[in-house]
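Reader: I would like to go through this model with you and ask, term by term, what each description rests on. Please set every value against its definition before you conclude.

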Amino acid sequence: MKQFLLQRLGSGLIVLLGISIFSFALIHLIPGDPIRIMLGENATAEQVQALREQLGLNQPLLTQYFQYLSHVVQGDLGTSFKTGRPVLTEIIERFPATVKLAASGMLIAIFIGITMGILAARFKDTLLDFSAMSLATLGVSIPSFWLGILLIMFFTVKLGWFPIAGGTGFMDLVLPAVTLGVLASTVISRLTRAGMVEVLTFDYIRTARAKGLGESAVLFVHAFRNAMIPVVTIVGLQIASLLGGTVIIERVFDWPGLGSLAISAIASRDFPLVQGIILFIGVIFVLINVLVDVLYSVIDPRIEVGKLKEGT
Amino acid sequence: MNQANPVLPAPPPVPSQKGTSRMTWIREDSFLEKLWRNPKARYSLGILLVVIAVGIAGPWLAPHDPTQPFYEDLLTGPSAEHMLGTDSIGRDVLSRLLHGARVTLMVAVMAVSITFITGTFIGVTSGFVGGIVDQVLMRIMDILLAIPNIIMAMAIVAILGPSLTNAMIAVGIAGIPKYARLTRGATLSVKSSGYVEASRAVGTSHARILLFQIMPNIMSPLLVYTTLQIGIAILDTAALSFIGLGAQPPTPEWGTMLSEGKEYIHDAWWLATFPGISITIVVFTVNILGDALRDIFDPKSA
């Protein structure tokens, strides 16, 4: 177990290092002079020189990278070019809103996805199964922002159930969370269905039925536990795409999270902030992945061995 | 002759007989035949052909110029003159939608080409060469996979600057890591198959194995990923345009139209409705086709 954990942490660290290189490289990949782009055409030569020195862009590339890395490790992600505040402060301020949205979305996704998946598997090849799976395909085909707009049009504009976008209270949270959740549920429902269909053919399920257990006990206690492992993995992986999806949804509902921050940072070409956000999201993702791996081996201890063999 | 010699066993049935009633160029077990027999593939291909036709003929079908404002018809709902209504500066929504079909298709094809060519190259190299090359390439892909697709695309747009072309490039590049991983997997499974080992044993060169054995045999899984990737590319490009990092006004792009429609959500439902329906229909059809192709190539997973 310890060795397994160390190994996961090790490969996580390599990915983190790579992400730091990527976010560092961002500013150097910009065609032309990033300083000129940030300051605009009217900047004086002194201004350009000052910012170049402030960002350390006049030093050798490798020196720059190690400086960047040592700052990052100390929690210094630079200074936002537009607001003049530390990038980390800007991110930390916005992060809770994004977590709130993503977590609520995930809960909704898990609830809808697992319910639909189990029902579709139980009533395999019926109209219910067909409708559930068609909805799942539709779910991956609808632009998330359009679903959000539709929900606003119907529930906010027409029925007036929810406040007009802009706040962060519970009522403001419902629609964006539902949008995210409905879309993220599609993958979960497909996987749950696939897992359940397989498990339901096993002998012990017949035994459970034969000894007179109720259908819900068979489904939830006996079958679902064993179909859950791939679902746990995908829930972990979904968190990344959920973070990505949040960016767009935040824009639709004017939700003041990391996504809105990223969009405005890119639009205003505030590169230190863009770099910081990329790095931050990468770190979060790696942490989640390590966590999922650990959780995985807790649920099914056999996996540990297999993974280790595969990994070396 | 058979009747003359009853002792001989009956000749095997002539195999071509079953096929003669069909068009001869479609063999019984050919790919086209399988496509035709799968209802999902048949219908989705049919709809896609219509979409492509609209993409090509859109500018001629459109009743008005997509950028021409009708100042006397600002934000009017669907009517005989403007079948899908007009937007805030009086442009005809139907015309913009029809022109947008071309933009969407072109963007999807270009973005997916970038993903396909680069992703296949990296994946096949990684799987075929193996060793340290494989290790390094896949570690890089892992790193890139750690950043959500759309955020990666946003980062690339941040580098290149917001425009439709750059959004297309960004979406194409952002798709590469996952695609390369899948291609590597397919390459590995073909590489370890009996026929490749057999031809290696008789001394076939690497290049020949790569070109004539690996490539043709990974094409079917690649076709599935590529099809599904088209849907993702359309959604991501529209998303980038929606947040203002893709197509810039007045380009009639569906994502941009949705972004404009969102501003008038209280007054003009049609603005945000029709572009959304269009995107959903196209992506849904592409995804159904992808599913059908998967069923055809890999009947076990169905």
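Reader: What are the helix and strand percentages over residues 103-124 of chain B, and how far apart are the end C-alpha atoms?

Author: That span is 100% helix and 0% strand, with its end C-alpha atoms 31 Å apart. Helices here are DSSP runs of H or I of at least four residues, strands are runs of E of at least two, and both are numbered from the N terminus. This is a predicted model, in which local features need pLDDT of at least 70 and side-chain atom pairs count only at pLDDT 80 or more, whereas totals for chains, interfaces and linings use all residues. Residues are numbered from 1 along each chain as its sequence is written, chains are lettered from A and ligands numbered from 1 in the order in which they are written, and side-chain values use heavy atoms, with hydrogens and water left out.

Reader: Where does UniProt place the feature "transmembrane region" in chain B?

Author: The unreviewed UniProt entry places this feature at residues 43-62, 103-124, 136-157, 222-248 and 268-290 of chain B. Such positions are given in the numbering used here, feature names are shortened, and annotations may be inferred rather than shown by experiment. In the model, residues 136-157 of chain B are 86% helix and 0% strand, and the end C-alpha atoms of that span lie 26 Å apart.

Reader: What makes the pair of Phe95(A) and Phe280(A) edge-to-face?

Author: A pair of aromatic rings is described by the distance of the centres and the angle of the planes. Rings of Phe, Tyr and Trp (its six-membered ring) pair if their centres lie within 6.5 Å, and planes under 30 degrees apart count as stacked, over 60 as edge-to-face and the rest as tilted. The structure holds 11 aromatic pairs over all chains. The centres of Phe95(A) and Phe280(A) are 4.8 Å apart and their planes stand at 85°, so this pair is edge-to-face. Phe95(A) lies in helix 5 (residues 87-122) of chain A and Phe280(A) in helix 12 (residues 271-299) of chain A, so the pair ties together parts that are 185 residues apart in sequence.

Reader: Why is the pair of Trp269(B) and Phe274(B) called tilted?

Author: The ring centres of Trp269(B) and Phe274(B) are 5.9 Å apart and the planes are at 55°, so the pair is tilted. As to exposure, buried means under 20% relative accessible area, exposed over 50%, and partly exposed in between (1.4 Å probe, protein chains only). Trp269(B), at 45%, therefore counts as partly exposed, whereas Phe274(B), at 17%, is buried.

Reader: How do you know that the charged end of Arg122(A) sits over the ring of Phe123(A)?

Author: A charge sits over a ring if NZ of Lys or CZ of Arg is within 6 Å of the ring centre and within 35 degrees of the ring normal. Arg122(A) is placed 5.1 Å from the centre of the Phe123(A) ring, and Arg42(B) lies over the face of Trp36(B) at 5.2 Å from the ring centre.

Reader: What makes the contact between Lys262(B) and Asp254(A) a salt bridge?

Author: A salt bridge is a side-chain nitrogen of Lys or Arg within 4 Å of a carboxyl oxygen of Asp or Glu. The side chains of Lys262(B) and Asp254(A) meet at 3.9 Å, N to O. Lys262(B) lies in helix 11 (residues 254-263) of chain B and Asp254(A) in the loop between helix 10 (215-252) and helix 11 (258-267) of chain A, so the pair joins two chains. Lys262(B) is buried at 17% relative accessible area, while Asp254(A), at 42%, is partly exposed.

Reader: Where in chain B are Arg184(B) and Asp134(B), and are they buried or exposed?

Author: Arg184(B) is in helix 8 (residues 176-191) of chain B and Asp134(B) in helix 5 of chain B, so that 50 residues separate these distant parts of the chain. Their side chains form a salt bridge at 2.7 Å, N to O, and both residues are buried.

Reader: Why are Asp291(B) and Arg294(B) said to be separated by about one helical turn?

Author: They are 3 residues apart in helix 12 (residues 269-297) of chain B, which is why the separation is about one helical turn. With 12% relative accessible area Asp291(B) is buried, and with 32% Arg294(B) is partly exposed.
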